[in-house]
Amino acid sequence: MTKDTRANLVKQGAIWAFIVVELIFFTVAGNFMSVSEQSFIDFDNMLLLLKQSAPIGIIALGMTIIMINGNIDLSVGATFALSAIVLLDSMTWPIFAGLGDWVIPVSWTLALLTGVVLGAINGLIVWKTGVDAFIVTLGAMLGYRGLVFMYNGEQPTSHLNWTLVDFAEAQFLGLHTATWFLLGTALVLWLVMTKTVHGRNAYAIGNNREAAVNAGIRVGPHFLLNFMLIGFLAALSAVVFYSESGSVNPNDGMLYELWAITAVVLGGTKLTGGYGSIVSTLGGVIAIQLLRKGLGHIGADTETVNLVIGLILIAVLFLDRQLNRKGKEELKI
Amino acid sequence: MTDEKPALRLENIVKTFPGVRALDDVSFAVMPGEVHALMGENGAGKSTLMKVLGGILQPNEGRIFIEEESTIMTTPLDAKAKGVVFIHQELSLADELSVAENIFLGELPRKSFGRVDWGKLYEQTDAILKTLNVGFNARTRVGDLSIANQQMVEIARALTVDPRAVIFDEPTASLTDAEKVVLFDVIADLKSRGVGIVYISHRMEEIFKITDRISVLRDGQYRGTLETAKTDEDEVTQLMIGRSLDLSRNEEHREHGEVALEVRGLSCGDLYRDVSFKVHRGEVVGFYGLVGAGRTEIAETIFGLRDPSEGQILLDGQELRIHSPVDAIRHGISLVPEDRKGQGLVLGMNCRDNMTLPQVDDLTAGPFVSDGAEIAIFDQYRDKLDIRTPGWRQTVGNLSGGNQQKIVIGKWLSMHPNVLIVDEPTRGIDVGSKSEIHNLIRDLAGQGYAVIVISSEMPEVLHVSDRIVAMYHGRIMREFSAEEVTEDSLIQAISGIESEKVA
Amino acid sequence: MAALTTKNIGGFLARQGIIVAFVLFMIGFALANDRFITMDNIFGVIRSSAILGVMALGVTFVVIGGNLDLSVGSMMSFSTIVVLDLHDKLGPALGIPAMYGMTLALGAFIGFLVGYLKLNSLIVTLGMLSAIHGLTLTYSGGKNMDIADKEGTWFGIFGQGSILGVPVPILIFALLAVVLSMVLAKTPFGRKVYAVGGNGMAATFSGVPRARVVFMTYLISAFCVATAGLIQASRSLGSQNTVGQGMELEVLAAVILGGASLLGGSGTVFKTVIGVLILGFIQNGLLLVGLEFYVQYVVTWVIIILAVWLDIAAKRGRLLSPIA
């Protein structure tokens with residue numbers, strides 16, 4: 001009992017310990033190798049880091065719920081791109097011409113709605129066909145990307161609304177708009193997963209689906225709701241990011257699913273479902289972004305980031321296995 | 001209980017699956033405050049009946065009454081709401097969640113905005129746990145509990161409603177003796193509250209200890225109900241299988257050959273310690289003990305699936321170094337594992353490919369597997385073991401348990417092993433096939449194989465073994481020859497009661 | 001229930017559905033455009049599918065063995081960049097084997113992690129997708145790679161050459177498909193791959209060295225990736241360092257379309273080839289009827305889901321899932 005509890009504590013603390021190690025390492029290494037005079041743990045630097053974590057971070061938070069629920073979503077990158085296009089393009093639609101800046105909430109709503117609908121499509125297919133979510137969303141990743149291209153061909157879709165840019169670049173209590181969205185999302189999802197019946201049922205379904213079914217929990221609607229939620233979050237991520245950038249390429253968001261999954265796994269969520277935490281995923285997101293910035297800070301090629309993150313992901317998996325091993329006498333399977 | 005209304009009553013239940021009439025006109029009733037055993041061989045329809053009782057399956061015909069009111073139970077949850085609760089054999093708990101969340105799984109108390117009402121949840125859970133007198137609290141993570149305590153959580157779950165009937169499916173399968181006592185106390189308590197209890201078990205000893213009546217199913221049909229106090233094991237067995245099963249003591253006295261396998265001072269962590277024994281050619285050695293006594297782990301060590309921390313394994317006097325099943329097989333050691341579907345067979349593969357899997361490297365013509373050689377082996381052992389299958393292309397998953405087990409045995413016999421270890425040879429196998437497999441094991445010894453049989457069924461061990469090794473808690477307590485063994489001494493040995501004649 | 005006849009039709013569709021769909025597509029496109037069924041066009045399609053196809057052959061082994069390989073895309077970029085670089089540094093005769101060696105080493109590393117250390121293949125290959133991508137970028141210094149002397153090399157033969165009128169990429173694809181099909185269907189090793197993927201525990205209990213078998217499936221996958229990289233590099237004699245990005249999922253789509261179960265233990269090389277060709281011909285057919293390349297993504301989405309859905313619907317005997 002104590003062994004399991006201890007292992008759990010180690011798991012939940014691990015990502016934060018890792019962040020501390022990163023901070024110390026890059027600060028110390030930065031003193032010797034830094035190309036800039038600036039210290040690594042600089043306040044503005046850290047604020048920027050949080051802001052830059054937001055787009056992948058918001059998606060990764062949603063991915064945590066999907067994975068706790070025992071599913072996976074590979075289509076978030078394409079959902080992100082399509083929502084972004086809807087966001088930017090709808091601001092130029094003639095029917096909204098008379099709205100002035102009131103077009104902003106309208107376009108936001110349309111973009112978020114797009115995400116919810118795309119998520120709902122995935123959720124309904126998973127629920128009604130019984131096809132594994134990996135396959136369903138793998139297909140959707142291609143399909144939604146196709147829709148992105150069909151919207152505007154291979155051309156970028158651009159529209160800059162300066163009110164929107166001002167909003168996106170604003171800082172409130174020192175934090176950027178994007179950071180507020182990230183933290184707000186984390187707070188809401190944390191409440192959902194720890195305090196609500198839906199969240200607890202999502203854990204139960206991922207943990208032991210048969211038991212959940214036998215206890216009368218309706219698995220399908222939970223799946224649907226969670227896919228709608230991650231669709232919404234992918235769109236929210238797009239809203240946050242493109243309000244500022246104002247231009248979307250049809251290839252934007254590619255590989256986001258992989259980054260998001262990486263952050264979730266670093267945060268300790270189980271692939272098989274039933275175990276994981278929103279807060280730890282936030283840690284995973286920050287750890288990745290720290291690594292990105294830190295390697296830049298000590299003058300390493302930005303390319304090395306991919307290499308290091310990949311290897312760290314594997315190392316985490318390895319350590320997790322060692323932590324759960326029963327010892328020498330265990331069955332050699 | 002004469003004038004009372006039955007707590008739960010089934011009337012003329014029929015349940016069919018494509019091609020099978022799983023339940024054929026079954027009626028059954030459990031009275032309030034009664035423990036009613038439901039017995040039958042595997043495939044007799046017990047599990048189907050349980051599922052109908054628990055609302056998991058809907059009958060095609062017939063009616064269900066709760067306290068004589070006709071009712072339809074559409075789902076397990078619906079059944080529970082109507083007072084019928086099913087305690088599953090495979091625990092159906094979410095081990096990452098707390099005790100309280102598991103007990104109220106699917107029915108968490110709500111506040112506004114879909115929030116869980118934790119205060120109410122813990123309060124209600126504590127109230128239930130108090131009546132069960134358990135040593136854990138509502139906030140404990142279920143994964144941190146012992147199996148027995150997890151079962152208590154399952155039972156606590158039944159008490160969230162005021163149950164009319166509780167169905168126990170093989171509840172003692174993985175409990176220690178001390179834990180069984182606690183469970184029987186809880187059952188007695190439920191009984192005294194007037195709950196009707198349906199108790200499913202294969203263990204005669206338990207059945208006779210705690211039940212009031214016994215109903216028997218065979219081939220999907222109701223075969224009768226006996227008063228426990230007025231019947232005996234023989235009568236029940238007869239009813240279950242339609243005849244008596246020959247499980248007489250083994251009384252052959254054969255000359256055994258040389259020592260084939262010898263194990264000296266073998267230990268493996270906490271699993272078992274200082275185990276030594278010999279197996280001769282032409283001899284069947286039975287390993288008897290409770291689940292968890294370390295028997296399977298010894299077999300797995302000899303087969304190279306575990307590394308011993310100490311000790312030697314010798315074959316024909318030569319010490320072996322075995323680090324994997326590949327090594328073991330090379331030395332002619334074979335293992336028919338306990339879990340046939342999980343460990344014995346690739347269920348999606350055909351009969352032939354399963355049978356030839358360990359030797360597929362040697363059945364080649366050039367770089368390719370030789371169809372002819374494979375089919376020849378399959379045909380030979382199909383005939384020898386009387387495996388009933390439409391052909392070698394049949395997917396193994398579609399065969400009956402007995403035929404599946406014969407495929408596994410054929411897989412190893414076709415390798416002509418020196419030592420054959422058979423772990424729970426007849427678990428989940430119908431009676432007819434059971435005696436065939438027993439005879440087969442005796443025959444193999446007759447042909448000079450050294451055979452180890454691990455079994456949790458005493459009659460089986462007594463029936464097939466020339467010598468019996470009794471294990472308790474990772475140690476060999478005693479060795480018996482077939483002539484000297486008595487049931488009492490065997491039970492004492494596996495219960496950890498030291499006798500003066502320690503081997 | 002009344003599902004008996006539906007079930008029979010469903011069963012047929014599930015077993016042969018993918019071929020039926022393929023034939024229907026071909027007929028449809030042939031009617032819509034007479035250029036579709038011409039030797040030139042067919043060769044063109046297969047040639048452009050060859051790179052994806054060669055990779056899919058290797059991934060078929062991994063998937064049947066019960067694992068996933070998401071690293072093939074970035075590994076292919078790696079092979080392409082490395083062989084282009086070594087072409088100028090060592091010459092093609094040494095550069096090609098050196099590139100194979102390096103790619104196989106990566107495959108061996110993955111095989112070691114998944115096979116011997118028993119780590120989850122999805123995460124390992126996800127990590128390797130990123131790591132190899134970083135490796136490639138570091139190797140190339142973030143720049144595109146080009147052969148200096150494009151006229152004076154025979155290296156173009158793998159991607160551009162043809163023998164007896166058949167383009168070399170097609171020959172390589174066909175040859176590999178035949179050889180690997182034999183390996184999977186006829187050899188003891190192939191049998192063990194099915195056993196390990198079908199029930200790894202039972203395979204171990206039958207003396208099948210599971211770790212080594214899994215390891216070998218990743219080596220085969222890496223070999224196929226190296227070959228794909230060779231064709232890719234040879235075709236254009238220069239390349240971006242992200243040339244294989246995203247291909248891992250297209251490859252997986254082809255394998256799934258061919259009917260291999262992600263749970264392992266089922267699938268064949270032949271079916272994977274069909275899966276690859278379906279993707280190729282759909283793309284081509286859509287282009288020929290005047291649609292943009294990206295329409296195929298949407299069509300592929302629909303086809304994959306229908307294919308897998310029909311397959312499991314036939315197995316469970318009802319169209320909709322029993323999920324409440």
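Here are some notes on the predicted model above, going through its chains, contacts and a few single residues.

1. Some housekeeping. Residues count from 1 along each chain as its sequence is written, while chains are lettered from A and ligands numbered from 1 in the order in which they are written. As this is a predicted model, local features need pLDDT of at least 70 and side-chain atom pairs count only at pLDDT 80 or more, whereas totals for chains, interfaces and linings use all residues.

2. Let's start with chain B, which splits into domain 1 (8-241), domain 2 (245-332 + 417-503) and domain 3 (341-416); the bounds come from an automatic or database domain assignment. Taken over C-alpha atoms, the centres of domain 1 of chain B and domain 2 of chain B are 35 Å apart.

3. Now for an open sheet in chain B: four strands in the order β12-β11-β14-β15, with antiparallel pairing. Its edge strands, each pairing on one side only, are β12 (272-280) and β15 (318-319) of chain B. Strands here are DSSP runs of E, at least two residues, and helices are runs of H or I, at least four residues, numbered from the N terminus. Two strands pair if DSSP finds at least two bridges between them.

4. Within that sheet, β11 (residues 259-268) of chain B and β14 (residues 310-315) of chain B are joined in the antiparallel sense over five bridges. As for Glu262(B), its bridge partner in β14(B) is Leu314(B).

5. Helix α9(B) lies across β11, β12 and β14 of chain B, at about 115° to β11(B). For that angle, axes are lines fitted to C-alpha atoms (for helices over the stretch in contact), and angles run from 0 to 180 degrees between N-to-C directions.

6. Ile302(B) is worth a look, as part of helix α9 (residues 295-302) of chain B. Is Ile302(B) buried or exposed? Ile302(B) is buried, because 24 other C-beta atoms lie within 10 Å. The cut-offs are 20 or more such atoms for buried, 12 or fewer for exposed, and partly exposed in between, with C-beta atoms placed from the backbone. Setting aside residues up to four places away in sequence, Ile302(B) touches Ile313(B), Ala328(B), Ile333(B) and Ile421(B); contact needs C-beta atoms, placed from the backbone, within 7 Å.

7. On to chain C, where 43 residues are in contact with 47 residues of chain A. On the chain C side, α5 (121-140), α9 (200-205), α11 (247-257) and α13 (295-316) each supply at least two residues. The largest share, 14 residues, comes from α5(C). By class, this side has 31 nonpolar, 11 polar and one charged residues. Here Ala, Val, Leu, Ile, Met, Phe, Trp, Tyr, Cys and Pro count as nonpolar, Asp, Glu, Lys and Arg as charged, and the others, Gly among them, as polar.

8. Helix α11(C) is mostly covered, with 10 of its 11 residues buried. Among them are Met247(C), Glu248(C), Glu250(C) and Leu257(C). Just after α11(C) comes Gly259(C), with a positive phi of about 100°.

9. Last stop: Phe293(C), in the loop between α12 (269-288) and α13 of chain C. Phe293(C) counts as partly exposed, because 13 other C-beta atoms lie within 10 Å. Leaving aside neighbours within four places in sequence, Phe293(C) is in contact with Gln283(C) and Leu287(C).

Key. Contact = placed C-beta atoms within 7 Å.
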